[in-house]
Amino acid sequence: MDFQVRVWRQSGPGDRGRMVGYDVTDISPDASFLEMLDVLNEKLILDGDDPVAFDHDCREGICGMCGLMINGVAHGPERATTTCQLHMRHFNDGDRIDVEPWRAAAFPVVKDLVVDRGAFDSIIQAGGYITAPTGAAPEAHATPVPKADADAAFEAATCIGCGACVAACPNGSSMLFTAAKVSHLGLLPQGQPERDSRVLDMIEAQDAAGFGGCSNAGECTTVCPKGIPLTLIGRLNADYRQALRKS
Amino acid sequence: MDLDERDLYELGGEIRDAAAPDGPIETRWERRQFATKLVNPANRRKLTVIVVGTGLAGGSAAATLAEAGYRVRSYCYQDSPRRAHSIAAQGGINAAKNYRNDGDSVYRLFYDTVKGGDFRAREANVYRLAQLSVNIIDQCVAQGVPFAREYGGLLDNRSFGGAQVSRTFYARGQTGQQLLLGAYQAMERQIAAGAIEMNSRHEMLELIVVAGRARGIVVRDLVTGEITTDFADAVVLASGGYGNVFFLSTNAKGCNVTASWRAHRKGALFANPCYTQIHPTCIPESGTHQSKLTLMSESLRNDGRVWVPRVSGDSRKPGDIPEDERDYYLERIYPSFGNLVPRDIASRAAKNVCDEGRGVGPGGLGVYLDFADAIERLGRASVEEKYGNLFEMYQRITGEDPYLVPMRIYPAVHYTMGGLWVDYDLQSTIPGLFVIGEANFSDHGANRLGASALMQGLADGYFVLPNTINDYLAAGPFEKVDAASPDVVGARAAVQERLDRLLAIDGDRTVDSFHRELGHLMWEYCGMERTAEGLTKAIGLIRGLRDEFWARVKVPGTGEQLNQNLEKAGRVADFFELAELMCIDALHRRESAGGHFRAESQTPDGEALRHDDDFSYVAAWAYGEKPTLHREPLDFTYVHPSTRSYK
């Protein structure tokens, strides 16, 4: 398969950046999107050009390192799929494909398609944990957890922190990311003691990190590779109101 | 080129694990902890520990050391500590809780692990691992790890290869992710408290040894390219395994041996480098563009049945092949363990049937993993509940629906049992350098059982290291490191020179092209089956390719920017050196054990044949012009080495 790929090139945070077109030829339909970029980079290197910088690591959809805007859609056209798990068989021979980095105020561009998502870590630092120092744990079966709660907590906990939700949101909001963690921990009995402070502190941290507010556009859940549902934002809001009342 | 094995390495003296207590195995860990010196909480604030890597071992160690009051500085090459490759572990974590009342115990987990490792691991370490396994589950549940549960609200378990009890705890097919997020969140809590300073997008490129002690590291900021030094009272390497020497593996693309290899060059012994685990259930290669291989969790073998056509060259679709023309070869050869034989055995069996021409799919390099019986027996919903995300992943990659057509699987490099040599305290041969998780060699012998990597990483990080490191740190704080000392200046200059040299070659081949070729060589000659002839040939080829690399590699850009090819080039340069040592180790071990199969050493029916009289030792290699072999004899007083049988 052959493609005309236009890639966002930006040498660093100070550069304005621009789209640059490349012809990428002879790509197997079984190649992943990142393998297509590998082929492009091998060619650029041998031609003496600067290869395209992009983040990736596990290439099996779980580390959350990769993430590209492909034709304007975070992680591209396939639902519930990370960029690394998107295969070229989902495109047509000869397609023009635009590739851009996540664009959000809280995720500044480092180089080309690489952005800084450190702001996500700062939200977790504010309260995305259960305080349980090593060694202090009771026997695991001391507290049974209803299966429905455990399953729901697991679903929320599958968030990979890729940032597609933020990139897709017209406001650059991290609400789905925060809601996933608040829900994961808030659904478990172990998470109850810090439930109120957690939601208040994490919301404060996401505001401080430069993420926008949530206006329920729902774009986040549409692009989420793990299908984190929008209902978790409602859950977060309920927790938040309750915590405010108590505080 | 003709190479004589005797010219490839020197023989050194025997070594012993001086930190290991003797006496009854049940109380060794307790006695070691009691004998360990303690550090008073007020003094811990004055002591700094560097932790390299933020996977299960590094993340849990950093969090626990910080909770104890030490000052911790943590490093990872990813953009966040949450992304370390432990996150990709799918199947589960073993623990001897015996919640199923099926006869499990600490002793049985210990026994299974020593046997699974083909009697090439230390008894004392493995026993401690089995003891701590139960604490890990408690700890993770307290942190909010959402393990799978039954309707009564209690934890669910499943079976894994190499065991006849059900002791594996899991969170669907994402157990590693959930455990890692637990450790990551504990870390982030300490980062917020100011107890851990986190440096992501930084790569350790050299170890700093001063007056015989590990005192710091040289790191490169991967965004700015700046080279800096960091000093501490102790250094902990939790930098993972070296499976990417094969280029294609189930490891993340960034996984590398550099931190371990740099420490090895500075004097840390490297143990059993030839013990690599080839995982039986991976998605087969689809073409030359392939950049990595994807694992399908071993847990699939609980319900999936492995088969190939009975006769070679049968090109019918799987559904058209009648039951009596299929060979469920694992069930046939190993009736008591069936599809749940350990990984090394399942992988080699797959290779054998493919070598016979009975492989399926493109190139004949694949076998079927069939869920038709399970779907009929349990119903599709139940199969989906257990394995849904794995089935989706398979379909996404191959474009085939495994609910309708059997999966095609083939073995791929997955885990490395070898690593830096450590004693019972997890301290390397360089005082003050501790090595934990996959980066060390200690607990899995020649073959790791499924669901044991997560157990070992977390045992090391949450429970072992935070106790044993006190014994070393009790003698600190050590004298302040002089940044102008020759040891520091030299280490830093060596890093700079190497980077400059890589950038200056400006040749005509890319880093990846060399890495692919090296990987192909290793798979061919140091993969699932090894021979003296092949290994000797490989060493010559590796040397030639390494010289070519240093003459022809082309690394674009400069060192003062984000330069992903420069990062790769440094890692591949170290893989070349490691590859040679792996082949030498494999060549010297003229027996088959676990993941190391020497064609010259097999039973009449093709099973691995150990030679306990000659090779019941850990091979610990010292770096040098020629590597020097130090043997650590292995004693078995509890589990008597026998021929491993799963029949």
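Colleague: What should I know about the numbering and the confidence limits?

Modeller: Residues are numbered from 1 along each chain as its sequence is written, and chains are lettered from A, with ligands numbered from 1, in the order in which they are written. In this predicted model local features need pLDDT of at least 70 and side-chain atom pairs count only at pLDDT 80 or more, while totals for chains, interfaces and linings use all residues.

Colleague: How do you know where the domains of chain A lie?

Modeller: The bounds come from an automatic or database domain assignment, which gives domain 1 (3-111) and domain 2 (117-246) of chain A. Their centres, taken over C-alpha atoms, are 29 Å apart.

Colleague: Why is α3(A) called roughly antiparallel to α5(A)?

Modeller: The axes of α3 (residues 147-157) and α5 (residues 175-186) of chain A cross at roughly 155° and come within 8 Å. Angles over 145 degrees count as roughly antiparallel, so α3(A) is roughly antiparallel to α5(A). The axes are lines fitted to C-alpha atoms over the stretch in contact, with angles from 0 to 180 degrees between N-to-C directions. The helices are DSSP runs (H or I, at least four residues), numbered from the N terminus.

Colleague: Which residues of α3(A) and α5(A) meet?

Modeller: A:Ala153, A:Ala156 and A:Ala157 of α3(A) meet A:Ala180, A:Ser183 and A:His184 of α5(A). By class, this contact has 4 nonpolar, 2 polar and no charged residues.

Colleague: Which element gives the largest share of the side of chain B that touches chain A?

Modeller: In total, 60 residues of chain B are in contact with 62 residues of chain A. The largest share of the chain B side comes from α7(B), with 9 residues. That side has 21 nonpolar, 24 polar and 15 charged residues.

Colleague: How is chain B divided?

Modeller: The assignment gives domain 1 (10-275 + 417-473), domain 2 (279-414) and domain 3 (483-614) of chain B. The C-alpha centres of domains 1 and 2 of chain B lie 31 Å apart.

Definitions and conventions
Helices (H or I, at least four residues) and strands (E, at least two) are DSSP runs, numbered from the N terminus. Angles under 35 degrees count as roughly parallel, over 145 as roughly antiparallel, 65 to 115 as roughly perpendicular and the rest as oblique. Two residues are in contact if their C-beta atoms, placed from the backbone, lie within 7 Å. Ala, Val, Leu, Ile, Met, Phe, Trp, Tyr, Cys and Pro count as nonpolar, Asp, Glu, Lys and Arg as charged, and the others, Gly among them, as polar.
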